[in-house]
Amino acid sequence: MKTKYLISSLASILTFSCASAAGLPPAVTGKAQEIIALPDGGWLTLDKQGVRLLDAQGKERSKVSLRAKHLDARPHADGILAVFTDADTQKTHAYVADQKTGQLRLQVSMASPDFSLESMCLYRDAQQLDHVFLIGKEGLSEQWVMHKGSAQLVRKLALPPHSKHCRVDDQSQTLYLSVPDSGVWAFTAEAETAAKLKPVAMLAPFGKLHGGATAISALPGGVAILDANEKKLHLYRQKDEQHFQPEQILNLPHSAANIHVNVSGNKLDFLLQDEQAKTWRASSAAWKQPATSEIVVIEPTMQTDTVARHGDAADDPAIWVHPQDARLSRVLGTNKKQGLLVYDMQGKQTQLLESGRLNNVDVRQNIKWGQHSFDIAMATQRDENSLVLYVINDQGQVAEAARFPTKLDKIYGFCLYQPRTGGLEAFVNDKDGTYQQFRITHNEQGFSSSLVRSFKLASQPEGCVADDKTDRLFMGEEKRGIWVVSAKADQPADLQMVMPVGKQLVADVEGLAMYFGQQKNYLLVSSQGDSSYLVLEAQAPYRLRGKFRVGMNLAKGIDGTSETDGIEVSSVNFGGEFSLGMLVVQDGYKRLPDGTQNFKYIPWSAIARSFKLE
């Protein structure tokens with residue numbers, strides 16, 4: 001279920017009504033330490049004796065008896081998904097408040113973490129999966145995801161110690177934390193991103209908070225912060241990924257101990273707990289909604305073993321197709337800190353060739369030189385600024401066969417080209433934008449290479465892919481966009497822009513791959529800046545057919561992907577779910593749980609179905 005938010009401007013002073021006049025029955029307001037208004041007019045409350053589901057008049061319909069803390073909720077098909085913590089055992093429980101039956105129905109009980117729990121909150125991601133953040137007293141924290149009656153650890157976190165409150169804005173994927181001695185901080189809620197902690201509202205003299213953040217509540221595109229000592233409610237808006245700005249400072253007629261906010265149409269409905277009267281008062285204000293965008297999320301169905309080096313190690317995949325049985329094909333992947341990895345179609349590593357710091361890899365098959373035919377893989381070697389050539393036998397065994405020096409200073413991206421006239425050529429680039437085109441040959445003395453063309457882009461490139469059927473080369477210039485040029489060595493390098501960096505293609509432009517379909521061919525691109533993938537028609541005007549992210553496959557225990565470098569795609573029938581081919585992508589952050597990087601396999605059928613591809 002997706003929540004839609006509408007927006008507008010905000011008055012500088014809120015007018016508060018007493019609880020009974022605002023429609024809150026005394027049975028609700030007299031005991032509740034935390035409160036959530038339900039769509040049917042009922043209430044979900046937390047007090048010292050438990051969590052209660054109440055009707056609109058405050059009559060109890062259902063109760064979970066325990067010493068509960070940290071109530072948070074999200075919409076559910078049957079009513080409300082409510083999550084709270086047992087203060088005695090530190091176990092977190094998720095219940096559905098079924099508004100039709102009036103029952104609180106247990107969904108998941110999570111084991112107590114092995115650290116002292118300070119706070120807890122919910123996050124619903126773009127895939128509509130529900131996550132729980134367990135915030136530890138000493139800064140040790142965890143993120144879990146709930147699915148079909150169970151919970152899986154997504155990642156371990158290091159957050160500011162003694163964070164008293166946490167709330168998540170699902171729309172911006174921002175986790176807000178209240179830290180008594182410094183203020184309110186923002187953290188990336190989405191696990192498939194780099195962990196970044198950013199200041200939102202600091203204590204004086206560094207910011208506008210004077211009494212500290214008594215409580216916080218996430219808003220669509222921002223956060224509401226209670227400053228009880230000053231009787232003020234601060235509303236902050238997220239300006240961009242790095243910056244937050246104060247929207248309003250609202251004067252309160254009383255000190256407030258807690259806050260709950262519902263988004264209703266074009267306004268915010270506030271419930272604030274009067275610290276002295278121990279009752280709840282209600283009011284509303286307008287709030288301008290940020291623009292929303294939806295993106296398709298596709299699940300991977302296979303993943304490889306993880307690489308043996310930590311940090312940014314895995315980079316670029318390539319696919320070798322078995323000549324007799326495509327189910328026995330191989331995926332090659334580079335480890336920038338070790339060498340070349342070889343995986344089977346189930347993702348199990350079958351080989352490691354310690355060739356050094358390899359970056360990009362590509363494969364071409366059935367290359368004929370005279371009476372000899374070879375399946376060839378090549379990769380860039382960054383320590384030597386060289387090209388490494390491998391031969392692949394008919395069983396998928398890979399062996400290094402030659403190394404070719406280049407005159408590049410910082411060798412980087414690479415792709416192979418098989419001209420329609422025969423033979424094999426290689427495009428390799430330098431971080432300064434230089435491209436070199438080499439012709440690969442073979443005779444009785446072995447393999448050799450010769451430089452046949454050079455040209456240059458204005459800034460740093462990396463990924464490229466050759467369309468062998470039309471003799472074109474597509475190139476990614478990381479900060480500017482995608483270019484196309486003739487792949488023929490005897491043609492001038494007349495660069496034409498395919499797609500510039502912008503709203504859809506977010507820098508860096510990374511991996512490129514070609515899918516050769518029965519009716520149309522498609523260019524796939526890794527839009528690394530927003531961890532997404534674009535599908536373009538491979539002929540001018542290069543129409544964008546779709547954009548997607550790779551999400552979690554919890555049934556198979558596979559995490560999503562992010563900050564992808566290299567990609568590869570094939571239209572070969574590999575059998576089963578890969579009968580229309582598959583996409584292989586590098587994953588920048590391994591989750592479920594944390595680990596070193598790896599590669600994910602995605603069925604082409606899921607991509608084709610999502611965008612109605614021919």
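A residue counts as buried when its relative accessible area is under 20%.

## How confident is the model?

The protein chain has an average pLDDT of 92, and 95% of its residues score at least 70. Residues 1-22 are a stretch where pLDDT stays under 50. The model still has 64 contacts beyond four places in sequence for residues 1-22. Where pLDDT is low, the predicted coordinates should not be read in detail.

## A buried lysine

Let us begin with Lys-198, which sits in strand 16, residues 197-202. Is Lys-198 buried or exposed? Its relative accessible area is 8%, so with a cut-off of 20% Lys-198 is buried.

What does Lys-198 touch, apart from its neighbours within four places in sequence? The contacts of Lys-198 are Trp-185, Ala-186, Thr-188, Glu-241, Gln-242 and Phe-244. Take Ala-186 from that list: it is 12 residues from Lys-198 in sequence, while the two C-alpha atoms are 5.1 Å apart in space. For Glu-241, the backbone oxygen lies 2.9 Å from a polar atom of the Lys-198 side chain.

## A buried serine

Now find Ser-62 in strand 4, which covers residues 60-65. Ser-62 counts as buried because its relative accessibility is 10%. With neighbours within four places in sequence left aside, Ser-62 is in contact with Val-51, Arg-52, Leu-53, Gly-102, Gln-103 and Leu-104. The side chain of Ser-62 reaches the backbone nitrogen of Leu-104 at 3.1 Å.

## A leucine in a loop

Leu-209 belongs to the loop between strand 16 and strand 17, the latter being residues 215-219. Why does Leu-209 count as buried? Leu-209 is buried because its relative accessible area is 0%.

Leaving aside neighbours within four places in sequence, Leu-209 has contacts that include Gly-183, Val-184, Ala-201, Met-202, Ile-225, Asp-227 and His-234. Between Leu-209 and Leu-233 there are 24 places in sequence, and their C-alpha atoms are 9.8 Å apart in space.

## Backbone details

Next, look at some backbone angles.

Other places to look at concern phi. Asn-366 is not a glycine, yet its phi is positive, about 55 degrees. You will find Asn-366 in strand 30, and Asn-366 counts as partly exposed because its relative accessibility is 44%.

Asp-471 is not a glycine either, and its phi is positive at about 55 degrees. Asp-471 lies in the loop between strand 38 and strand 39, residues 472-477. Its relative accessible area is 6%, so Asp-471 is buried.

A positive phi, near 55 degrees, also belongs to Lys-612, the residue that follows helix 2. Helix 2 itself runs over residues 604-611, and its buried residues are Trp-604, Ala-606, Ile-607, Ala-608 and Phe-611.

## The second largest pocket

Finally, turn to the second largest pocket, which holds about 720 Å³ of space. How many residues line the second largest pocket, and which lie nearest its centre? The lining has 34 residues, and those nearest the centre are Val-363, Arg-364, Phe-516, Glu-568 and Val-569. Elements that give two or more residues to this lining are strand 26 (314-320), strand 30 (358-369), strand 34 (411-417), strand 38 (461-467), strand 42 (509-516) and strand 46 (567-570).

Which strand provides the largest share of the lining? That is strand 30, with six residues. Strand 30 is also where Asn-366 has its place. By residue type, the lining of the second largest pocket divides into 16 nonpolar, eight polar and 10 charged residues.

Note on methods. Residues are numbered from 1 along each chain as its sequence is written. This is a predicted model: local features need pLDDT of at least 70, side-chain atom pairs count only at pLDDT 80 or more; totals for chains, interfaces and linings use all residues. Side-chain values use heavy atoms; hydrogens and water are left out. Helices (H or I, at least four residues) and strands (E, at least two) are DSSP runs, numbered from the N terminus. Buried means under 20% relative accessible area, exposed over 50%, partly exposed in between (1.4 Å probe, protein chains only). Contact means heavy atoms within 4.5 Å. A polar contact is a pair of N or O atoms within 3.5 Å; within protein, one must be able to donate a hydrogen and the other to accept it, and residues adjacent in sequence count only if both atoms are side-chain atoms. pLDDT is the predictor's confidence in each residue, from 0 to 100. On a 1 Å grid over the protein atoms alone, a cavity is a set of points where a 1.4 Å probe fits but cannot get out, and a pocket is an open set with protein on both sides within 12 Å along at least five of seven lines; lining residues have an atom within 4 Å of a point. Grid points are joined across faces, edges and corners, and a volume is the space filled by probe spheres set on the points. Ala, Val, Leu, Ile, Met, Phe, Trp, Tyr, Cys and Pro count as nonpolar, Asp, Glu, Lys and Arg as charged, and the others, Gly among them, as polar.
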